[in-house]
Each structure stands twice: as C-alpha cells, then as structure tokens.
Amino acid sequence: MSDNPQIPDMETCPDDHHCLNGSKCVENPYREGSYYCDCREVDFEAAFEGLRCEHRADVYCVVEGISKHSFCTNDGICIEQVGPESAHMGCECTENYEGSYCQFVKGSKPKGYPFMSEEIV
C-alpha cells in the first residue's frame with residue numbers, strides 16, 4: 001500500500017527516495033540516513049529492478065515458471081536459462097541499457113550498486 005495517495009504502490013523513504021511497485025525502503029548499511037529500494041520485497045508475482053524498482057521483467061531466465069531472481073528488463077536477452085534455485089547469469093542488454101538485469105539507462109548505474117560496499121556516489 002502506498003504512503004503517497006497520488007501514486008499507488010509507492011513507498012517514500014525517510015531521505016525522500018521513492019520505491020515503486022510495492023518495493024520496500026532499506027537503509028544503506030554504509031551510509032547512515034541514505035536508503036535504497038529492495039526490489040525482492042515486491043508483493044506482486046512479477047519481478048522488478050532499477051533504483052526505484054521501476055523496470056518490470058520482460059523475460060524470465062528460468063527453465064520453468066517465473067523466478068524473481070533471474071530475469072531481464074528493457075528487452076534484455078537471457079545469457080542462460082537456469083533452474084529456479086540457480087544463480088542469475090545476467091542479460092545481454094540493448095545498446096541503451098546496462099546492468100545485470102538491464103535495469104539502468106547506459107551511463108546511469110551508480111558507483112557501488114547495489115550498495116554493498118562503501119564505494120557510493
């Protein structure tokens with residue numbers, strides 16, 4: 001449920017970062033007061049990626065079914081089809097996108113994404 005009546009399924013983090021599609025705000029462990037969106041917390045059957053979980057999966061990279069961990073967005077192509085519990089092998093992105101899920105417009109991927117290190121913009 002959205003905490004913003006204008007946009008359904010949006011959560012606003014304490015630092016005014018917005019998480020879409022039911023994703024949840026998570027505090028960056030390396031930068032107090034800074035938040036990012038956990039796209040794996042989305043309540044829908046579809047998978048999402050991106051800084052705000054704004055990119056919906058176009059294709060799932062699993063042998064059978066839908067997996068929230070192995071998919072591509074923005075017309076990316078699965079590098080490999082995997083089992084439902086196997087690691088995501090990445091996507092071949094169109095020329096305008098980059099990232100392991102093709103979730104970033106080329107040149108917009110933040111340094112240190114997904115914020116698991118101290119190297120942050």
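Tutor: The questions below concern a predicted model.

Student: How many helices and how many strands does the secondary structure of the chain come to?

Tutor: Read along the sequence, the chain follows the pattern β-β-β-β-β-β-β-β-β-β-β. The secondary structure therefore comes to zero helices and 11 strands, a strand being a DSSP run of at least two residues.

Student: What percentage of the residues of the chain count as buried?

Tutor: The chain has 121 residues, and it exposes about 7,300 Å², of which carbon and sulfur atoms supply 48%. A residue is buried when its relative accessible area is under 20%. By that cut-off the buried part of the chain comes to 36%.

Student: Among contacts between residues at least 6 apart in sequence, what percentage join residues at least 24 apart?

Tutor: A contact here requires heavy atoms within 4.5 Å. Among the contacts in the chain between residues at least 6 apart in sequence, the part that joins residues at least 24 apart is 21%.

Student: Which residue forms a salt bridge with Arg40?

Tutor: Side chains of opposite charge can pair when their charged atoms come close. The cut-off is 4 Å between a side-chain nitrogen of Lys or Arg and a carboxyl oxygen of Asp or Glu, and the count for this model comes to one salt bridge. Its closest N and O atoms are 3.5 Å apart, and the partner of Arg40 is Glu49.

Student: Which residues gather in a patch of negative charge on the surface?

Tutor: Membership requires over 30% relative accessible area and no salt bridge. Glu27, in strand E3 (residues 24–27), is partly exposed at 38%. The residues that gather in the patch are Asp15, Asp16, Glu27 and Glu32.

Student: Where does Asn21 lie?

Tutor: Most residues other than glycine have a negative phi. Phi of Asn21, however, is positive, near 60 degrees, and Asn21 is partly exposed with a relative accessible area of 21%. Asn21 lies in the loop between strand E2 (18–19) and E3.

Student: What is phi of Asp75 near?

Tutor: Asp75 is found in the loop between strand E7 (71–73) and strand E8 (77–78). At 59% relative accessibility, Asp75 counts as exposed. Its phi is a positive value in a residue other than glycine, near 65 degrees.

How values were computed:
Residues numbered from 1 in each chain as written. Predicted model: local features only at pLDDT ≥ 70, side-chain atom pairs only at ≥ 80, totals over all residues. Heavy atoms only, no water. Patch = residues over 30% accessible without salt bridge, like charges linked within 9 Å, V, L, I, M, F, W, Y side chains within 5 Å. Areas by Shrake-Rupley, 256 points an atom, 1.4 Å probe, with all protein chains shown as cover. Lys, Arg positive; Asp, Glu negative; His and termini not counted. Charge placed at Lys NZ, Arg CZ, Asp CG, Glu CD. Helix = DSSP H or I, 4+ residues; strand = E, 2+ residues; numbered from the N terminus. Buried < 20%, exposed > 50% of the residue type's maximum accessible area, 1.4 Å probe, protein only.
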